[in-house]
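Here's a quick briefing to read alongside the coordinates.

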Amino acid sequence: MRIEVDSVILEADNDKEIQEPLKNAYEGRKDLFCLCSLGRPRLYLAKVEDTYVSKRWPHTGHEHDPSCDHYEPKLNPGQGVMGDAITENTDTGEFTLRVNFAFSKALPKGSKSKDDEKKEPVVKQGDAKASNPSFGLQSILSFLWEQARYNRWYPKMEGKRHWGNVSYNLKEAASHITTKGVKLSERMFIAQRLTEKNGRYINAELATFKHSLKNTKGKKTKLGILIDQFNGIGQQGNLFQIYLKNLPNAPIMLTDKSMAGLERKFESQINAFDYGANVIAIAQVGLTDYGDLVYERLGLLVVDSNFLPFYGMHDKELIDQAVAERRRFIKPMRYELNDHISIPGITLIDTEEPIDIFVDASTTDEPFEPVTDDPYRIWQPMNPNGRDLPEAISSDTRIDATSPLESDAQDTSEIDPFDEPVFEPQPEAVVGEDDSGEMELTNTPPVSASA
Ligand SMILES: [Zn+2]
């Protein structure tokens, strides 16, 4: 990375190597610029604990070179709909999200609780002017996924992604997001990968989460958010249970009435799971007096074996092909966009300029034309001549065009920091030991080495 501050150029592999000048820039409130591209996109500095972290200025991701860690495609249709429901604080690097559900509800016992009853997330219409956009559970999971960068793919990530590092990075992302005045991480339990060694630790974490949901007599029912790998739905008498992969002893209970709505809403995701897909669940839950988790609402995200999200058969095929051809790309996330709104299947970032790839699986002769000002290509899964992806330029070419230092930065960015499952009581220590972790976490401020 190369950063310009006060006409001085700072060169380093990561922010940690240039803490002193970054500190001065932060304290002097200097303007910072990323030198990855001729446009010199603006950066800001956030102080996270005792570390100074450079971050891209809001909405300027596309001005960075695609090889730069700050790069984001110009078009983010799913997140774009959220508009001012997302606020980024350029002093702290923290996000505030406006959500459309409550974190408590009236006591159900005896009385009919109409407060907050099954308030389904507002369905977004792909209309950027939606009057009062806000986040539902599905959107929160999508935002966390983007922040933790699991919608990006570099060939070097092959074989390195598993729930151990996914859950860790989601947790890290959640610690920089606030909803309704409270850190998301304080309302949220993200299950770690269950191994032979850490069952006890996961149980202790779960017990802490459950404790936070305990109700005081006469007060409203508290609700929390839980994220884990979905593991199917089962039935016991009149009750249904949502099973979670890493919490085998803590299924989420739901009534047959809730079950009917859930099956309707998540038919395709549950179907995908039944046929072997990896599905991530985000659930809002309450607690019974006996410590059982009770369903309140749910979001499901279907991902492939590399934890890349996909939204249908052809979407998956496109991702499979791009991964097999060792391409670098970003997977745009749908958030809560309606199915009929077409967004790019992937955005290739190893081409001369980023190219959106739209899937056209229609069998009519009418050419499909997406509404976009950005460079795009149509990918036709059913046309043998329509499946080619635009050619990649070698990363060397791009590096020559910018700076020799970029090659180092790029190499580190492609290494997934967590080869081993994370199940330490203080996972921060694991990150601190591994400098390469910094690049993967660029969007979310790194944890200080001394933590
Ligand atoms: Zn840049």
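This is a predicted model: local features need pLDDT of at least 70, side-chain atom pairs count only at pLDDT 80 or more; totals for chains, interfaces and linings use all residues.

**The big picture**

- The protein chain has 13 helices and 22 strands.
- Of its 451 residues, 43% are buried.
- Take the contacts between residues at least 6 apart in sequence: 58% of them join residues at least 24 apart.

- Another is residues 396-451, where pLDDT stays under 50. For these residues the model has 96 contacts beyond four places in sequence.

- The core takes at least three residues from each of two domains: domain 1 (2-71 + 406-440) and domain 2 (83-303).
- As general background, nonpolar side chains in soluble globular proteins tend to be buried together.
- Zoom in on Ala283 and set aside its neighbours within four places in sequence: what's left in contact with Ala283 is Leu226, Ile242, Ile252, Tyr295 and Leu298.

**Helix 8, buried on one side**

- Helix 8 runs over residues 267-274, and Gln269, Ala272 and Phe273 are buried in it.
- Looking down the axis of helix 8, you'll find its buried residues within an arc of 100 degrees, so they line one face of the helix.
- What do the buried residues of helix 8 pack against? Their partners are strand 14 (224-236), strand 17 (278-287) and strand 18.
- Gly276 follows helix 8 and has a positive phi, near 100 degrees.

- Four strands make an open sheet in the order 6-7-10-11, and the pairing is mixed.
- Strand 6 (86-88) and strand 11 (182-183) are at the edges; each has a single partner strand, so one side of each has no neighbour in the sheet.
- Strand 7 (residues 95-97) and strand 10 (residues 177-179) run parallel, joined by three bridges. Opposite Phe95 you'll find Ile177 in strand 10.
- Val182 is found in strand 11. Is Val182 buried or exposed? Val182 is exposed, because it has 10 other C-beta atoms within 10 Å and the cut-off for exposed is 12 or fewer.
- Val182 and Thr96 are 86 residues apart along the chain, yet their C-alpha atoms are separated by 9.4 Å.

**Strands 3, 4 and 5**

- Strand 3 (residues 32-34) runs antiparallel to strand 4 (residues 42-48), with two bridges joining them. Phe33 sits opposite Arg42 in strand 4.
- Strand 4 also pairs with strand 5 (residues 51-56), in the antiparallel sense and over six bridges. There, Leu43 has Arg56 in strand 5 as its bridge partner.
- Strand 4 and strand 5 form a hairpin, with two residues between them.

**Two positive phi values outside glycine**

- Glu49 lies in the loop between strand 4 and strand 5. Its phi is positive, about 50 degrees, although Glu49 is not a glycine.
- Glu49 counts as exposed, with 12 C-beta neighbours inside 10 Å.
- His59 is in the loop between strand 5 and helix 2 (77-80). The phi of His59 is also positive, near 65 degrees, in a residue other than glycine.

Note on methods
Residues are numbered from 1 along each chain as its sequence is written. Domain bounds come from an automatic or database domain assignment. Two residues are in contact if their C-beta atoms, placed from the backbone, lie within 7 Å. pLDDT is the predictor's confidence in each residue, from 0 to 100. Two strands pair if DSSP finds at least two bridges between them. A residue is buried if 20 or more other C-beta atoms lie within 10 Å of its own, exposed if 12 or fewer, and partly exposed in between; C-beta atoms are placed from the backbone. The arc is that of the directions from the helix axis to the C-beta atoms.
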